[in-house]
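Thanks for making time this morning. I'll walk through one model, from the overall layout down to a single side chain. Please have the structure open.

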Amino acid sequence: MLMRTDPFRELDRLTQQVLGTSARPAVMAMDAWRSGDEFVVEFDLPGVDPSTVELDVERNVLTVRAHRPVNEGTEEMIAAERPRGVFSRQLILGDNLDTEHISAGYAGGVLTLRVPVAEKAKPRRIEVRTAEDRQQAIGA
């Protein structure tokens, strides 16, 4: 049997495990869902001091930065699997979200962001007048 080998396959696999991929990042895992008239996004940030978390919104791009301090003790590390230092993640928010009223909370190592849906994107009713000048509501 003839097999084609790729000398970089193992390196790619290892890199994906350590750094993650765009679909499954290794640092700052998140969940996002819609709940009524807002979107909720949760980031896992265990061991991060909330005072080091920075949130920036520029146009429709939300950037989350966090810092987990590096152990600078004289101890000999047996295993070091948790990422240390500064890391960030960006989300592109749609035009139908109200970036002026984003709220954030941090509890139990989880950063929770709530992004409300913009008023202009919410469904609304339009009144239609008939020839007899009766008003009738139609859902839009």
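**Layout and confidence**

From the N terminus on, the elements of the protein chain run α-β-β-β-β-β-β-β-β-β. That is one helix and nine strands. Helices (H or I, at least four residues) and strands (E, at least two) are DSSP runs, numbered from the N terminus.

Now the ground rules. This is a predicted model: local features need pLDDT of at least 70, side-chain atom pairs count only at pLDDT 80 or more, and totals for chains, interfaces and linings use all residues. Residues are numbered from 1 along each chain as its sequence is written, and side-chain values use heavy atoms, with hydrogens and water left out.

pLDDT is the predictor's confidence in each residue, from 0 to 100. The protein chain averages 80, and 74% of the residues score at least 70. Where is confidence lowest in the protein chain? In strand E9, residues 135-139, with a mean of 59. Strand E6, residues 103-107, is highest, at 95. Where pLDDT is low, the predicted coordinates should not be read in detail.

**The four-stranded sheet**

Start with an open sheet of four strands. Its order is E1-E2-E7-E6, with antiparallel pairing. E1 (30-35) and E6 are the edge strands, each pairing on one side only. From one strand to the next, the twist averages 15 degrees. Those angles run from 0 to 180 degrees between N-to-C directions, with axes as lines fitted to C-alpha atoms, for helices over the stretch in contact.

Two strands pair if DSSP finds at least two bridges between them. E1 and E2 have six bridges, in the antiparallel sense. Arg-34 has Phe-39 in E2 as its bridge partner. These two strands form a hairpin with two residues between them. Look at Gly-36 in the turn: it has a positive phi of about 65 degrees.

Next, E2 and E7. They run antiparallel, and seven bridges join them. Val-41 stands opposite Leu-113 in E7. Phe-43 has Leu-111 in E7 as its bridge partner.

**The three-stranded sheet**

There is also an open sheet of three strands, in the order E3-E4-E5, again with antiparallel pairing. Its edge strands are E3 (54-58) and E5. E3 and E4 pair over five bridges.

**The core**

Buried means under 20% relative accessible area, exposed over 50%, partly exposed in between (1.4 Å probe, protein chains only). Buried residues make up 19% of the 140 residues in the chain.

A nonpolar core is a set of buried Ala, Val, Leu, Ile, Met, Phe, Trp, Tyr and Cys residues joined through side-chain atoms within 4.5 Å. The largest one has 17 residues. Among those with the most contacts inside it are Met-28, Phe-43, Leu-45 and Leu-111. Strands E2 (38-44), E4 (61-68), E5 (85-92) and E7 (110-116) each give two or more residues to this core.

Contact means heavy atoms within 4.5 Å. Not counting residues up to four places away in sequence, Leu-45 touches Met-28, Val-53, Ala-66, Arg-68, Phe-87, Tyr-106, Gly-109 and Leu-111.

Last stop: Thr-63, in strand E4. Is Thr-63 buried or exposed? Buried, with a relative accessible area of 9%. Its side chain makes a polar contact with the side chain of Gln-90, at 3.0 Å. A polar contact is a pair of N or O atoms within 3.5 Å; within protein, one must be able to donate a hydrogen and the other to accept it, and residues adjacent in sequence count only if both atoms are side-chain atoms.
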